[in-house]
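This report describes one protein structure for a reader who is new to the subject. Please keep the sequence and the model in view while reading.

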Amino acid sequence: MNILIGSSEVQPYSKTGGLADMVAALGKYLGIAGARVGVVTPLYRGLLEEYDDIRRTGRVVDVVLGERHEKGAIYECEPSANLAIYFVEHVHFFQRRGIYGEHSADYADNAERFLFLSKVLLNLPQHLPWRPDIVHVHDWPVAIFPALLRHEFGKGTYPSPPRTLCTIHNLAYQGLFPATQLPLTNLPLDYFTPTGLEYYGKMNFLKAGIAYADHVSTVSPSYAEEILTAEFGCGLEGILGERRDQLTGILNGVDYAEWNTTDNPHLESAYTADRISGKTREKKRLQRDLGLSVDAKTPLFGIISRLVEQKGIALLAEALQQSLRHPMQFVLLGSGNPDLKVMIQEVARRFPDQVRVKIGYDPGLAHRIEAACDFYLMPSRFEPCGLNQLYSLRYGTIPVVHAAGGLRDSVADESEGADEATGIKFTEFTSAAVLEAIYRALSIFKKPELLHAYQKRGMARDFSWERTAEAYLDFYRRILGGDGADSVWYFRWGLFLVGN
Ligand code: ADP
Ligand code: GLC
């Protein structure tokens with residue numbers, strides 16, 4: 001099977017969050033499973049200097065953006081079996097400091113930049129020695145692709161078009177742009193309707209993906225259900241409801257080649273569930289390096305996160321003001337919203353001996369915090385999947401989570417069976433619930449045998465990408481095999497003809 005993936009982020013080349021980890025692992029493990037995979041992504045600043053295996057191919061893709069033509073030179077590297085990453089070079093669009101913006105402001109030309117990427121995704125197959133059976137697009141930056149393909153199909157350039165899957169990693173980011181930018185899409189007005197690209201008079205890229213892709217998916221089964229409600233649907237619950245029969249949730253996996261405790265360049269001490277002393281050494285090393293008192297008997301809590309409303313940082317700060325009156329330590333690594341930064345720094349100011357806040361982006365420190373902590377806090381209001389709780393489980397760090405989305409699906413609470421419990425889940429999204437969960441953690445910490453039982457069960461859980469890639473392959477086969485997708489496509493196609 002041939003699969004072409006489109007994404008604005010791919011780890012290790014570009015990353016602002018879990019999207020990058022997910023797309024990189026999806027491509028890698030689909031390739032290992034024997035599929036032929038290409039990932040199309042921008043050539044951002046600094047990549048050619050950092051990765052000498054990225055080479056120019058000589059292929060140049062020409063796209064029409066409104067009235068202009070823009071060219072993207074294609075660079076390529078093959079990091080693992082059957083996987084090619086196609087980097088699109090466009091100096092003006094992509095050689096910038098940020099991916100989506102700088103200094104907390106989005107770039108003003110994001111519609112143009114990511115339409116360009118989506119159009120390269122559309123035209124690239126003509127330059128490749130293989131044809132995709134499936135084009136799998138991720139999140140708003142490339143979600144308009146299914147609409148572009150459908151229109152192109154109408155022009156006869158695609159005798160047998162590939163099937164499309166649009167994966168929603170976070171419904172809170174939709175790619176909403178003024179209707180005045182519609183001409184850049186070169187789509188006829190038929191697409192700018194309430195059942196298509198239009199959203200309250202604006203252009204909504206993610207909505208286009210939901211409306212026009214053959215299938216839509218999210219990154220956990222629970223989130224796939226939650227987004228059908230007004231509470232979590234971010235205004236798109238209506239159109240998602242219409243696509244309910246083509247909506248699936250597949251939980252992300254973990255690339256254990258990277259996220260593990262036995263062969264990890266960021267850790268000095270290797271450890272396993274049966275030889276856990278290395279974890280204590282990592283804890284003491286982190287305490288020492290951060291200037292906290294070095295003591296294995298003080299419970300250490302951590303979080304590594306984008307500082308945004310979604311992640312429940314405000315509730316956490318409130319709960320910590322109470323819980324830090326007890327002996328415990330807390331470490332945060334994150335960057336983002338200045339108000340949330342101030343809020344968490346205020347906690348550090350009040351409890352200088354117990355709290356360390358590191359503002360910035362530091363993948364090595366992220367591994368070390370995962371390894372060193374006893375508990376990992378993830379009080380997200382909503383969480384499409386969440387990766388850090390999965391990493392925590394493998395690192396023997398007990399996740400303390402709000403029961404939402406992927407957190408609900410991947411962490412088992414004592415209330416679901418004492419012999420199965422791997423973490424602590426709370427259901428109310430309040431600071432009192434966060435506080436109570438922290439107190440539960442503190443009481444588990446007081447019982448070393450119980451603590452170790454949680455660690456052992458968590459470390460034994462298998463969220464490997466081999467399994468997730470198989471789930472995607474099955475899903476692609478279903479999409480290709482008919483399963484209603486045909487009728488949807490031709491139904492839409494029929495309407496399109498009638499509409500014209
Ligand atoms: P989201 O994609 O919503 O931010 P996820 O849990 O899916 O949440 O993924 C977050 C990813 O980004 C994880 O790999 C996490 O370790 C990483 N990450 C987030 N903030 C930082 C940071 N400040 N430094 C290093 N890694 C970070
Ligand atoms: C998004 C979500 C996160 C998910 C990640 C990867 O950033 O916020 O929950 O884990 O995408 O799918």
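How many of the 11 residues of helix α11 (residues 313-323) are buried?

## A helix enclosed by the structure

In α11, 8 of the 11 residues are buried, so the helix is largely enclosed by the rest of the structure. Here buried means under 20% relative accessible area, exposed means over 50%, and partly exposed lies in between (1.4 Å probe, protein chains only). The buried residues of α11 are I313, L315, L316, A317, A319, L320, Q321 and S323. They pack against β15 (300-307), β16 (329-336), α12 (338-350), β18 (375-378) and α16 (431-445); a contact requires heavy atoms within 4.5 Å.

## Basis of the model

This is a predicted model, in which local features need pLDDT of at least 70 and side-chain atom pairs count only at pLDDT 80 or more, while totals for chains, interfaces and linings use all residues. Residues are numbered from 1 along each chain as its sequence is written, chains are lettered from A and ligands numbered from 1 in the order in which they are written, and side-chain values use heavy atoms, with hydrogens and water left out.

## The chain as a whole

The protein chain contains 19 helices and 20 strands. Helices (H or I, at least four residues) and strands (E, at least two) are DSSP runs, numbered from the N terminus. The radius of gyration of the chain is 23 Å, close to the 23 Å that the globule rule gives for 500 residues, so the chain is as compact as a globular protein of that length. This radius is taken over C-alpha atoms, and the rule is 2.2 Å times the number of residues to the power 0.38.

Of the 500 residues, 61% count as buried. Among contacts with a separation of 6 or more, 71% join residues 24 or more positions apart.

## A covered strand

Strand β8 (residues 134-138) has 5 of its 5 residues buried. On one side lie I134, H136 and H138, and on the other V135 and V137.

Two strands pair if DSSP finds at least two bridges between them. Strand β1 (residues 2-6) pairs with β8 in the parallel sense over 4 bridges, and G6 has V137 as its bridge partner. Strand β9 (residues 163-168) also pairs with β8 in the parallel sense, over 5 bridges; there V137 stands opposite C166.

## A sheet of three strands

An open sheet has 3 strands in the order β10-β12-β11, with antiparallel pairing. Both β10 (176-178) and β11 (198-199) stand at the edges with a single partner strand each, so one side of each is left without a neighbour in the sheet. β11 pairs with β12 (residues 202-204) over 2 bridges, and M203 is the bridge partner of E198.
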